[in-house]
Amino acid sequence: MNNSSYEDYLTRINDLLIEDIREAYPEWREKEFQNASDILSVTEDKFIFIIDEWGYIFSHELFREHQGDFLEYLRDLFKDRPYVELVYMTGVLPIKQYSTGSALNMFDEYTMLKNTFFAEYFGFTEDETEKLCQKQEAITLDEIRTWYNGYFIQKGAKIYNPRSVVLALMKFERAVKDDGFGYVAELQN
């Protein structure tokens, strides 16, 4: 966070949301809004929000004295708002662990380990991964299996972490070792 304050963190989130809405709704570019909720409300449309790593400030112990405020910010932004169609938040931390009482009780939590109905949507299936591999020549499904074996979900299907697959497809460099041990994968930063 580069020594930024909690207020800077929220201001950045708010400003980016407002900027996105102004880009999509040019008629609201000149009007001043105090926060993202105000501009989202005037559009009279519904939105799908996607937040990756929602609990970053908790898992990295940032702004510890303001973590409750952050939950309140999320509650104020999403709870009972007419502009919210869906909020999809990813992360390793369960919301209920940090949200006491009713602050964020409007969320249902799904995990790849316990929810068989949605489990296949938590990653690329083996068939999807194979089709992605077939679209390029850098790496095969067998090579992906060598370096990353995926997860079995309760239905018995195998899924792969989308980020791992995409990085492998983008950055895999094949090199045959002279000693006959097979391939060397170098995933570059």
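Which residue in β5 is the bridge partner of Thr125? I will come to that after some ground rules.

This is a predicted model, in which local features need pLDDT of at least 70 and side-chain atom pairs count only at pLDDT 80 or more, while totals for chains, interfaces and linings use all residues. Residues are numbered from 1 along each chain as its sequence is written, and side-chain values use heavy atoms, with hydrogens and water left out.

First, the chain as a whole. The chain has eight helices and five strands. Helices (H or I, at least four residues) and strands (E, at least two) are DSSP runs, numbered from the N terminus. Read from the N terminus, the order of elements is α-α-β-α-α-β-α-β-α-α-β-β-α. Of the 189 residues, 32% are buried. Here buried means under 20% relative accessible area, exposed means over 50%, and partly exposed is in between, with a 1.4 Å probe and protein chains only.

Now back to the opening question. The bridge partner of Thr125 in β5 is Ile159. That bridge belongs to the pairing of β3 with β5 (residues 158-160), which is antiparallel and runs over two bridges. Two strands count as paired if DSSP finds at least two bridges between them. The sheet is open and has three strands in the order β3-β5-β4, with antiparallel pairing. Its edge strands are β3 (124-125) and β4 (151-152), each of which pairs on one side only.

Staying with β4, this strand contains Tyr151. Tyr151 has a relative accessible area of 39%, so this residue is classed as partly exposed. The C-alpha atoms of Tyr151 and Asn161 are 8.3 Å apart, and the two residues are 10 apart along the chain.

Next is helix α8, residues 162-171. Its buried residues are Val165, Ala168 and Leu169. They lie on the same side of α8 because they cover an arc of only 95° around the axis. The arc is taken from the directions from the helix axis to the C-beta atoms. On the other side of α8, the exposed residues are Arg163 and Met170. What do the buried residues of α8 pack against? The partners are β3, α6 (126-134), α7 (141-147) and β5.

On to charges. Side chains of opposite charge can pair when their charged atoms come close. The whole structure has five salt bridges, each being a side-chain nitrogen of Lys or Arg within 4 Å of a carboxyl oxygen of Asp or Glu.

I will start with the bridge between Arg75 and Glu72, at 2.7 Å from N to O. Both residues are in helix α4 (residues 67-78), three residues apart, or about one turn of the helix. An α-helix has 3.6 residues a turn, so residues three or four places apart point the same way. Arg75 also makes a salt bridge with Asp76, where the closest N and O atoms are 2.8 Å apart. Arg75 is partly exposed because its relative accessibility is 27%. Glu72 is partly exposed at 31%, and Asp76 is partly exposed at 35%.

A further salt bridge joins the side chains of Arg145 and Glu126, at 3.0 Å from N to O. This pair links distant parts of the chain, with Arg145 in helix α7 and Glu126 in helix α6, 19 residues apart. Arg145 is partly exposed at 34%, and Glu126 is partly exposed at 23%. As for networks, salt bridges with shared partners join Glu72, Arg75 and Asp76 into one.

Last, the surface. Where is the nonpolar patch of about 430 Å²? Ile48, Ile50, Leu86 and Tyr88 make this patch. Patches are made of residues with over 30% relative accessible area and no salt bridge; like charges are joined within 9 Å, and nonpolar side chains (Val, Leu, Ile, Met, Phe, Trp, Tyr) within 5 Å. Strands β1 (47-51) and β2 (84-89) each contribute at least two residues to the nonpolar patch. Tyr88 is in strand β2, and its 41% relative accessibility is why Tyr88 counts as partly exposed.

Key
Accessible areas come from the Shrake-Rupley method with a 1.4 Å probe; for residues, only the protein chains shown count as cover. Contact means heavy atoms within 4.5 Å.
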